[in-house]
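Biologist: I have a model open and would like to learn how to read it. Could we take a few features in turn?

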Amino acid sequence: MRPTKLTNSILILLGIFLIGYLFMNLLQETKAEGNKKGKTNGTLVEYSKYPEVDLITDITDKEKYHISMHYPKFKSKKLNEEIEEYVSTIEKGFITTVNENKKYIKNHSANLSLTMDIYTMAENTYSIVFSEGSYVVGANAQQKAKVYLVDIDKGNFIQQTKIFNDTKQNREQLYTLLNESFKESSEYEPLLFEESLKEWTMNKENNFSNLYFTDKSAVFKFDKYEVTAGAAGMPEISIPLEKMRDLLTDEWKDKLWINNTKKDDKGDSNDKQIEKEETPDRTSPTGGKRVALTFDDGPHPKNTLKIIDILDKYDAKATFFMLGNRVNFYPEIAKKVADEGHELGNHTWDHKDLSTLSKEEGIQEVEQTNEIIKSTTGRESTAFRPPYGAVNEQVQKSISSPSVLWTIDTLDWQSHNPNEILKIVKENVKDGSIILMHDIHDTSAQAVEPILKYLKTEGYEFVTVSEL
Ligand code: NI
């Protein structure tokens with residue numbers, strides 16, 4: 001009996017080791033794949049207009065899915081570690097879901113997009129607001145938001161409860177303010193669940209982690225279904241700082257307030273507007289063949305500049321469908337595109353799939369972008385292109401600019417190969433073609449000159465989409 005028992009124990013032990021060993025191997029492989037992926041697709045670090053905040057753009061294209069993630073990089077290691085942890089949790093979660101559903105996913109159909117916005121709260125203090133949108137399979141696209149308040153000087157995150165003076169009375173007052181704001185919106189008003197809002201506000205567990213601050217308001221970002229019916233999407237409720245002031249701690253009352261008045265003194269000058277109406281009239285058709293080059297998802301600090309230099313060399317005008325949040329990061333690039341006489345198009349604020357948003361959210365995506373294009377460049381955006389070519393009817397009705405899709409998709413984001421891009425153009429181009437490219441990839445920028453050269457010898461004239 002004894003030897004058998006002993007053999008059994010040894011076998012069990014061996015078994016455990018074997019499983020452990022296989023598991024470690026599996027982990028290593030996943031890791032290796034992760035690293036490889038990073039290299040083939042690439043991470044870009046770019047400077048932004050915010051001092052001490054760089055912007056990382058991390059793009060991954062695989063057969064089944066596309067990931068694009070934007071996140072900040074600070075001087076502080078502590079801040080970076082936390083942000084990277086958050087970003088990688090999202091990425092891993094998405095890839096796990098993709099792997100679990102692999103056989104149901106059509107090629108290139110799953111996508112994850114993580115974008116962020118930055119708002120200055122006070123000196124060296126920023127609100128970082130992430131929006132995560134993902135689609136894997138089936139009818140449900142997912143959306144989530146996450147807020148970080150960062151003090152760059154101290155290298156610290158700031159808890160919202162350090163800013164909001166958390167007393168029962170203040171929470172009651174906050175409920176009144178939120179309730180009023182919801183009711184001011186004709187879109188949200190009928191969708192609001194007042195009782196849920198009250199519970200949400202008074203719940204001690206709620207530490208307002210999705211509250212952030214701009215230089216003018218306190219903004220509450222609600223999850224879908226949190227306090228409204230689903231049709232409201234993820235409502236964002238802004239309360240002007242002057243109304244919030246009494247609900248803040250003494251320290252922050254002054255910090256936010258002082259900053260606010262400072263900003264107002266500066267006053268946004270209108271001098272940019274004077275330069276308007278400069279778009280040259282190139283509509284005189286020569287009777288020849290015409291083609292419109294279009295560039296999506298920028299501006300990009302290096303590649304967009306490269307592209308407009310080449311366009312200039314060929315006396316070509318193109319249309320740039322910009323993302324509002326990138327115009328915000330790179331205002332001087334957007335201005336340059338406008339000053340060179342290219343057409344400015346709206347490609348939404350942060351590349352959300354408009355068909356998945358509520359009407360209010362969709363309109364906001366478009367209008368905010370129109371506004372920043374106007375205030376940054378002094379020119380109106382005159383065309384609109386929905387991300388993924390998708391809009392729902394409600395949103396479509398409220399967009400004044402014409403929606404412009406494309407006739408030739410160069411698949412530049414997929415091939416990352418200037419020769420492939422040129423080849424697709426050569427095979428498909430004809431009079432009146434609208435060519436889709438992306439000015440965020442350096443391989444796309446490299447393809448522009450060969451394309452222009454080829455089309456020129458073929459007798460094409462380069463025009464904007466509006467001219468076409
Ligand atoms: Ni796009």
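**Reading the model**

Modeller: Asn 179 counts as buried, at 10% relative accessibility. That value comes from a predicted model.

Biologist: Where is Asn 179 in the chain, and what is Asn 179 in contact with, leaving aside neighbours within four places in sequence?

Modeller: Asn 179 lies in helix α3. Leaving aside neighbours within four places in sequence, Asn 179 is in contact with Leu 192, Glu 194 and Leu 197. Take Leu 192: it is 13 residues from Asn 179 in sequence, and the C-alpha atoms of the two are 8.7 Å apart.

Biologist: Is Asn 170 buried or exposed?

Modeller: The relative accessible area of Asn 170 is 11%, and buried means under 20%, so Asn 170 is buried. Asn 170 is also found in helix α3, which covers residues 168-184. Apart from neighbours within four places, the contacts of Asn 170 are Phe 164, Asn 165, Asp 246 and Leu 247.

Biologist: How much of the chain is buried?

Modeller: Of the 468 residues in the chain, 49% are buried. The secondary structure comes to 15 helices and 17 strands. For contacts between residues at least 6 apart in sequence, 67% join residues at least 24 apart.

Biologist: Next, helix packing. At what angle do α8 and α10 pack?

Modeller: A general point comes before the case. An α-helix has 3.6 residues a turn, so residues three or four places apart point the same way. Helix α8 (residues 303-313) and helix α10 (residues 331-339) pack at about 15°, with 10 Å between their axes. Angles under 35 degrees count as roughly parallel, so α8 and α10 are roughly parallel to each other. Their crossing is left-handed. On the α8 side the contact is made by Thr 304, Leu 305 and Ile 308, and on the α10 side by Ile 333, Lys 336 and Val 337. By class, this contact has 4 nonpolar, 1 polar and 1 charged residues.

Biologist: How does α8 pack with α15?

Modeller: The angle between α8 and helix α15 (residues 442-457) is about 5°, and their axes are 9 Å apart. That makes α8 roughly parallel to α15. From α8 the contact uses Asn 303, Lys 306, Ile 307, Ile 310, Leu 311 and Lys 313, and from α15 it uses Asp 442, Ala 445, Val 448, Glu 449 and Leu 452. The residues of the contact of α8 with α15 divide into 6 nonpolar, 1 polar and 4 charged.

Biologist: Which residues of α10 are buried, and what covers them?

Modeller: In α10, Ile 333, Ala 334, Lys 335, Val 337 and Ala 338 are buried. Their cover includes α8, β12 (319-322), α9 (324-329), β13 and α11.

Biologist: Now the metal. Which protein residues are donors of the nickel ion?

Modeller: The protein donors are Asp 297 through OD, and His 347 and His 351 through NE2, lying 2.1 to 2.2 Å from the nickel ion. Their spacing in sequence is D-x49-H-x3-H. Asp 297 lies in strand β11 (residues 289-298) and His 351 in the loop between β13 (343-346) and α11 (359-377), so this pair ties together parts that are 54 residues apart in sequence. Asp 297 and His 351 are both buried.

Biologist: Last, the backbone. What should I look for in phi and omega?

Modeller: Most residues other than glycine have a negative phi, and most peptide bonds are trans. The peptide bond from Gly 298 to Pro 299 is cis, with omega near 0°. Pro 299 is in the loop between β11 and α8.

Biologist: What is the phi of Tyr 225, and is Tyr 225 buried or exposed?

Modeller: Tyr 225 is not a glycine, yet its phi is positive, about 70°. Tyr 225 sits in the loop between β9 (217-221) and β10 (236-240). With a relative accessible area of 57%, Tyr 225 is exposed. Leu 411 also has a positive phi, of about 55°, although it is not a glycine. Leu 411 is in the loop between β15 (408-409) and α13 (412-415), and is partly exposed at a relative accessible area of 31%.

Biologist: Which glycine follows α10?

Modeller: Gly 341 follows α10, and its phi is positive, near 90°.

Conventions:
Residues are numbered from 1 along each chain as its sequence is written. This is a predicted model: local features need pLDDT of at least 70, side-chain atom pairs count only at pLDDT 80 or more; totals for chains, interfaces and linings use all residues. Side-chain values use heavy atoms; hydrogens and water are left out. Helices (H or I, at least four residues) and strands (E, at least two) are DSSP runs, numbered from the N terminus. Buried means under 20% relative accessible area, exposed over 50%, partly exposed in between (1.4 Å probe, protein chains only). Contact means heavy atoms within 4.5 Å. Axes are lines fitted to C-alpha atoms, for helices over the stretch in contact, and angles run from 0 to 180 degrees between N-to-C directions. Angles under 35 degrees count as roughly parallel, over 145 as roughly antiparallel, 65 to 115 as roughly perpendicular and the rest as oblique. A crossing is left-handed if the near helix is turned anticlockwise from the far one by less than a right angle, and right-handed if clockwise. Ala, Val, Leu, Ile, Met, Phe, Trp, Tyr, Cys and Pro count as nonpolar, Asp, Glu, Lys and Arg as charged, and the others, Gly among them, as polar. Donors are N, O and S atoms within 2.8 Å of the metal (3.2 Å for Na, K and Ca); water is not among the atoms, so sites may look incomplete.
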